[in-house]
Amino acid sequence: MEDVISQFQKMKDLFPEEYEQFSLTRVAGSLARPHVSAALGIKWNPLSEPDTCVRVMSPWKKILSPDGELLFLCSLASSRGACGGQGE
């Protein structure tokens, strides 16, 4: 995954307008979601292991724009039932 992250960072740095124009943030978020979900797993307890989420998501933060980051976090939280347990 580090190669994927570095390639997206390179594209974002070299072609910022195109990165936004072609919504590469969403592509990056789509690639990040399964990795983050697997890393956090069903047994992750945020109260006893609060740093785990930060450690897992930090590498992705650079390639996700503020909007993309928000969409990614919301979709991950929803899939885990963190949004009121509704899975919205």
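In which helix does C53 lie? In this predicted model, C53 is placed in helix α4, an element that spans residues 51-61. Its contacts beyond four places in sequence are with L40 and W44. The C-alpha atom of C53 is separated by 9.9 Å from that of S37, a residue 16 positions away along the chain. T52, which also belongs to helix α4, touches L40 and W44 when residues up to four places away in sequence are set aside. With a relative accessible area of 13%, T52 falls under the 20% limit and is therefore classed as buried.

The overall architecture is helical, with 5 helices and 0 strands in the secondary structure of the chain. Read from the N terminus, the order of elements is α-α-α-α-α. The chain has 88 residues, of which 26% are buried. When contacts between residues at least 6 apart in sequence are considered, 62% of them join residues at least 24 apart. The chain exposes about 6,100 Å², and 59% of this area is supplied by carbon and sulfur atoms.

In soluble globular proteins, nonpolar side chains tend to be buried together. In the present model, the largest nonpolar core comprises 15 residues, and those with the most contacts inside it are F8, Y19, A28, V36, L40, W60 and I63. Two or more residues are given to this core by each of α1, α3 (24-40) and α4. The greatest contribution is that of α3, which provides 5 residues. L40, listed among the core residues with the most contacts, is also touched by both T52 and C53. A28 contacts F8, Y19, W60, I63 and L64, with residues up to four places away in sequence not counted.

A search of the whole structure for aromatic pairs returns 1 such pair. The pair is formed by F8 and Y19 in an edge-to-face arrangement, with 6.5 Å from centre to centre and 85° between the planes. Distant parts of the chain are linked by this pair, F8 being located in helix α1 and Y19 in helix α2 (residues 16-21), 11 residues apart. Both F8 and Y19 are buried, and both are touched by A28.

The loop between α2 and α3 contains S23. Most residues other than glycine have a negative phi. For S23, by contrast, phi is near 50°, a positive value in a residue other than glycine. S23 has a relative accessibility of 33%, which lies between the 20% and 50% limits, and this residue is therefore assigned as partly exposed.

The relative accessible area of L14 is 54%, over the 50% limit, so L14 counts as exposed.

Technical notes:
Residues are numbered from 1 along each chain as its sequence is written. This is a predicted model: local features need pLDDT of at least 70, side-chain atom pairs count only at pLDDT 80 or more; totals for chains, interfaces and linings use all residues. Side-chain values use heavy atoms; hydrogens and water are left out. Helices (H or I, at least four residues) and strands (E, at least two) are DSSP runs, numbered from the N terminus. Buried means under 20% relative accessible area, exposed over 50%, partly exposed in between (1.4 Å probe, protein chains only). Contact means heavy atoms within 4.5 Å. Accessible areas come from the Shrake-Rupley method with a 1.4 Å probe; for residues, only the protein chains shown count as cover. A nonpolar core is a set of buried Ala, Val, Leu, Ile, Met, Phe, Trp, Tyr and Cys residues joined through side-chain atoms within 4.5 Å. Rings of Phe, Tyr and Trp (its six-membered ring) pair if their centres lie within 6.5 Å; planes under 30 degrees apart count as stacked, over 60 as edge-to-face and the rest as tilted.
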